[in-house]
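This briefing concerns the fold of a single chain. Please keep the sequence and the 3D view at hand while reading.

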Amino acid sequence: MSNIATIEAPTPVSPHALALAAVLREGGKPLHRFDIGELSVEVRTTHDSVFAIVRRAGAGGLAIRAAYLTVPFEAQAVCASPGEAARLRLTSAIGEHVISVTARHDALEHLRITTRFTPMQAMVLPFAPRDLYPLGKNDDPLDVQGNVEALQRGINTGLLYFSIDEPAFGNVLYVQNLTASNDYFRATGTKPREAVGGAWPELGYDLPVPSSKADPNEVALHAGEVVTLSDTILVFRHDAPPHERESARRFIQMLGSAYRMLELPPVEYRDWVDRAERSARDLDEAPEATIRHYGHRYVHPYVAAEYPDVMVQMSVVAALHDWGKWRGEPHPLEAEFKAGVRKFFDPKLGTLRRYLPNVGDDKNADAVDSWYLYHPLINLGALALDGDEDARALFLDGIDYAVKAARHFDYRWPVQFDVTDFSIIEETAPVDGRGQTDVGGIYAWLMLQAFELTDDKAFLDEARAAIDAAMGLRFNINYQANLTAWGAAACMRLWRITNRDVYLEQSYVYLASFLHNAVIWDSKLDHAATYETFMGVTCLQDAPYMAMYECFDSFVAFEHYLSDSGPDLDPEARMLIAEYCKYALSRAWFYYPDALPREAIADKQREPNGHVDRALSFPLEDLYPDGQQAGQVGQEVYGAGAAFIFASRAFHRIDGAPFLLFCDNLLRAVERTGDRVLTIHLDGGDTCVANLRLVRSKRQHLTKSTLTTAGGDAIRAHATTRDRVDYHVPANGRLILTWE
């Protein structure tokens, strides 16, 4: 047998990377230089680009393309505006580019490069190469090693998180502020789907350009109108993280730093109390909302569509329970809906089935998604921990099967299995070849509930086993957003119980994966211009839409996360969670069809026999950051719980006061320290702003009020009407409210 020599093929190289390498070898005079901490920045032109070259002495660097032109141009440094490190103007036959560079060095070094373009005449821009190149010790983009941890998913935040390992430059977070480019996207009919990514070493932003088949008259930039082509934020750390937990914590820390550099969209006050009352009325009175079986009343998952299922039933029951506690008396629907839950229980198997025994032949009665097995139990557990003995009994009846399933799958669950024998129906999701990777998080939360109810350490051991099994998944831990949020909460609770720091650290892995799926930009694409997207999270690892159920269930999970945390929690993690909750209270309003224009709602729904009724106060399942019509999946009756959750968390009843206290940050405590005095503790980001409002109660009149900081500084009302007094307050700290 003859010997065959093989030659390993070299990695394909972009001509743009080769051109950059040649330019940097040749040297030349930079347009501008400045330093940020230990980093030096040099702004340099090539024949077709302007680059900012960031270096750390002896440790490599980055080249960031600030502009790309296919025609000759002249570049000059001009007088910088306040706060800028540099400003450049490029003039050419196609128009004018203005590049603004800002730099900061507080806890971390930051660089922001914003490029605006004014075309001389109507034009369609051609392809532009990506804008980010890691550099080796000799400024060589072809002699550098590193690892990309996370990049943009779908049309979510345009981010890239990576490390440069050789040379040891460290961690970098790249964020493309897509909000700034809304005018460009709308003018050109483009969408920044998976626009931030690339293949090493050519990374960064791929500016979307119109299809060559598009009518130029419809996709051209307008002469004389300024558009932002890119708004790039970079945050730096000088060493590589030693493990995934530290990598996740740094991602959160660096994302928080980038977040503070954004111009945040406003939040609006939403009357969730009125929405909750309307939702309860429609649950009770709308014939499309419920159906009777076995003498009990069950909730339709969608308006007039789908068979009752146990997750839906328990989700609504649990939310009604919280709403009843807030009201001061149980809502009658809670007991009515709860009465039929045991009919889902299969005493032979010892588990809650997804469907009732009389489910139609078009459903596989034995099939269950892995997370569906556990989610109804955590809502039963919440009721049991609040003293509901019937819920406790059913919870304990089903807990052994829950453990048996987890052990059978070795804490790595498939997408769907058969409850009778654990045979796998669907092992992995087609998009990524993974199972339900974050089910271990919600299972761990369930086990911690069981531990609290029984004091049986075996349940604590189960929680630890589930969380331990997920270690190593890094940014692939997210399958469904709310499950990931519950995983973070479970880790935080485990840390509190065991005092083992590894679980606090692992909570950052869940949180980082959740935030990786966030939409940290304010999309104005197509129909998205009529609703809010900022700080939303797409519901699945591959879903193109944000969903109401995942939104408010994550809200509840994060309430627990913050409640169990303390001063050891990373400040940026606290801030980002608080901001998610704040924006949810404003953004979630647009899931309701009466808050959207008719043309923004799909005429046809995915669910058989389903439809959208704008008169019913139930949310649509789906809102799309890319501006597709909402409600393509359907109108969630099970999402009715959102209004009950938001109302009971954001509005606080004060005995004897003529108002409800509203705050769009979760409050650590509200204490009555006098007849007409409240001490209020907020638990949000140190530099963020919360909205505190006094909302007139029915048949009451607002009296004069005074709000001060703990130091005695008066806070003036931002706005005052007959029905409300609005304050902008620090999101973290102690306030004193008095009223007459």
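The model is predicted: local features require pLDDT of at least 70, side-chain atom pairs count only at pLDDT 80 or more, and totals for chains, interfaces and linings use all residues. Residues are numbered from 1 along each chain as its sequence is written, and side-chain values rest on heavy atoms, with hydrogens and water left out.

**Overall dimensions**

- The chain contains 16 helices and 35 strands; these are DSSP runs numbered from the N terminus, with helices being H or I of at least four residues and strands being E of at least two.
- A compact globule of 740 residues would have a radius of gyration near 27 Å, and the chain agrees, with 27 Å. The radius is taken over C-alpha atoms, and the globule rule is 2.2 Å times the number of residues to the power 0.38.
- The C-alpha trace spans about 90 × 80 × 55 Å along its principal axes.

- Tyr174 stands opposite Leu234 in strand 15.

**Strands 31, 33 and 34**

- Strand 34 (residues 724-730) pairs with strand 31 (residues 689-696) in the antiparallel sense over 7 bridges; Arg724 of strand 34 is the bridge partner of Val695.
- Strand 33 (residues 719-720) also pairs with strand 34 in the antiparallel sense, over 2 bridges, and Ala719 has Asp726 as its bridge partner.
- A hairpin through 3 residues joins strand 33 to strand 34.

**Helices 10 and 11**

- The axes of helix 10 (residues 439-454) and helix 11 (residues 457-470) come within 8 Å and cross at roughly 165°. Axes are lines fitted to C-alpha atoms, for helices over the stretch in contact, and angles run from 0 to 180 degrees between N-to-C directions.
- Helix 10 and helix 11 are therefore roughly antiparallel (an angle over 145 degrees).
- The contact (heavy atoms within 4.5 Å) includes Met447 and Phe451 of helix 10 and Leu460 and Ile467 of helix 11.

Definitions and conventions:
Pairing = 2+ DSSP bridges. Parallel < 35°, antiparallel > 145°, perpendicular 65-115°, else oblique.
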